[in-house]
Amino acid sequence: MTLPRPHRHDLFIALAGFACGLLLWSYGLYTTGDRVFDQRWAALIPLAVMAGAETVRRTLPQTALFVGTLAIVADQFTNGNLVTVLMFTDIAYAAVVYGSPASARRIPYTTGLITVAVTIGFLVWWQNAIALLIGVLTGMISFMPAVTGSIVRNHREAAEAARLRAEQTALLAEMDRAQAVVAERARMARELHDMVANHLSAIAIHSTAALSLDEPATTRQALTVIRENSVAGLAEMRRLIGLLRDSSGDAEPAAAPTLAGLDALVDQARANAGPSGLALVLDDTRESVAGLPAPVELAAYRIVQESLTNALKHAAPGEVRVVLGREPRALTVEVTSPYGERPGPTAPGSGAGLVGMRERVALLDGTFDAGPVTDGGGRRRWRVRAELPMDASDEERG
C-alpha cells in the first residue's frame, strides 16, 4: 500500500511544531509534573508522534486524528509539552475540514460527548471545582477546534455551491443565447424565403416561357412580368437588408404585411400565373376583419403567399382558391390548387416553403396540414390548411 504524499504546508506545520516543542523541552518548560513517566525524554515521544500525525492532517485526516488522540493521551502520563496540545487542536480541526462528510458531522458530537463525560467523571472522582477546569480544558482542545472546523467547512461548501450555481447560470445563459441566435436565423430564413421566392419563381417561369415560345408579343409580356418581379424582389431584399443593418434596437420589422394587403398579393399572383393556366380566387368569409393579433395576420399572409408561390411552381392548370375563415378563437387559412402534371414550364423547389409555413404555425400553437386531397367531384387537389389561434402571444413576429 502506497501512502499519499504529504502536503507541503502540512510538512511545514509538522516541522515548525516539532521545533517549537523541542525548544520548550530544552528549556524545561512542561505543562505539569509528577507524572507516571517523569523522565525528561518521555515528553518527546508524544511530541514526535503528534508531529508525524500533522504531516498527514490533510491527506489522511481520520488516521491523523486517531494517532493524535493516542499521542495526547500518552502526553498526560509525561511531564507534557504545550506544543503537543496545540498540534492536537490543529489535527482535530483538520479532521473536520478535510475529512469525509460523515466524519465531519460525527466528530463535533463525539468531542462534545467526550468533554461532558470527562467533566462528569472528574466531578464524581474529585468532587471539587478543579474537575470543571479539566472539563473546560478538554473542550478547548477537542470540542472547540471541531466546531471551528465544522463552521469553516460549511462556509467552504456554501461557497462551492454558489460557484457551481454561477457556472450553471452562465451555461444556461449561453444556451439561451445560442437558442436565440438559432431562432433568429430561422426567422430571417423564413422572411427571406417568403419575400423573394415568389418573385424569383415568377421570373423563372416567365423566362422559360419566353425562351420556349418564338412569339414577340408573348416574349414582350414575359419580359414585362420579369422586370416587375425583379424590381419588387429587389425592393424586398433592400427592405430586409435595411432591417438587418438597423442598429436602433427596434425588434419589430418595419411595415410587416397584414391581411389588408391580401387582395394586392392575389392580384400580383394572378398576373404571374397567366402562362401557367391558373385562375386565382380569393374567398374571404370572415364577418369581421378587426381584432386579429399582428403575429396571426403576418403568419396568415405568409402562408397564403407561399401557397400561391408553390401553386405557381407546381400546380396543374385550373382554379387556385384561397379561403379565409374566422372561428370563435381561431383564424383558418385554406389554399387549394389542382394536383397533377402541368404542361408548361415549372420552377424547381426545395421544400423550404412548407417547412417555413409549418414553423410559423407551430410558433403560434396552431395546426397545419398540407397534402393531396380529393374534392367532391373526385378531382385530386393540393390543399394547404392552417388554423391559427387568435389568442397567440406576440412571441412570433415573423
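Me: Does serine 337 count as buried or exposed?
Reply: The model is a predicted one, and in it serine 337 is found in strand β3, residues 330–338. Buried means under 20% relative accessible area. Serine 337 has 7% relative accessibility, so it counts as buried.

Me: Which residues does serine 337 touch, not counting those up to four places away in sequence?
Reply: Strand β3 holds serine 337. With residues up to four places away in sequence not counted, its contacts are Ala311, Ala315, Glu319, Val320, Arg381 and Trp382.

Me: In what order do the five strands form the open sheet?
Reply: The edge strands are β1 (278–284) and β4 (367–374), each of which pairs on one side only. The twist averages 10° from one strand to the next. Pairing in this open sheet is mixed, and the order is β1-β2-β3-β5-β4.

Me: Over how many bridges do β1 and β2 pair?
Reply: Strand β2 covers residues 318–326. Alanine 279 stands opposite glutamate 319 in β2. β1 and β2 pair in the parallel sense, and the number of bridges is seven.

Me: How far apart in space are glycine 318 and proline 338, C-alpha to C-alpha?
Reply: Glycine 318 is found in strand β2 and counts as partly exposed because its relative accessibility is 25%. Leaving aside neighbours within four places in sequence, glycine 318 is in contact with Gly277, Leu278, Ala279 and Pro338. Glycine 318 and proline 338 are 20 residues apart in sequence, while their C-alpha to C-alpha distance is 5.9 Å.

Me: At about what angle does helix α9 run to β3?
Reply: Helix α9 comprises residues 294–314. It lies across β1, β2, β3 and β5 (380–389). Its angle to β3 is about 5°.

Me: What angle does the direction of α10 make with that of β4?
Reply: α10 packs on the sheet and touches β4 and β5. The angle between the direction of α10 and that of β4 is about 135°.

Me: How wide an arc around the axis of α10 do its buried residues cover?
Reply: In α10, the buried residues are Gly353, Gly356, Met357, Arg360 and Val361. They are on the same side of α10 because the arc they cover around the axis is only 130°.

Me: What does helix α10 reach from its first C-alpha to its last?
Reply: α10 has 12 residues, 352–363, and is followed by aspartate 365, whose phi is positive, near 60°. At 1.5 Å a residue, 16 Å is expected. The helix comes close to that expected value, reaching 16 Å.

Note on methods
Residues are numbered from 1 along each chain as its sequence is written. This is a predicted model: local features need pLDDT of at least 70, side-chain atom pairs count only at pLDDT 80 or more; totals for chains, interfaces and linings use all residues. Side-chain values use heavy atoms; hydrogens and water are left out. Helices (H or I, at least four residues) and strands (E, at least two) are DSSP runs, numbered from the N terminus. Buried means under 20% relative accessible area, exposed over 50%, partly exposed in between (1.4 Å probe, protein chains only). Contact means heavy atoms within 4.5 Å. The expected span of a helix is 1.5 Å times one less than its number of residues. The arc is that of the directions from the helix axis to the C-beta atoms. Two strands pair if DSSP finds at least two bridges between them. Axes are lines fitted to C-alpha atoms, for helices over the stretch in contact, and angles run from 0 to 180 degrees between N-to-C directions.
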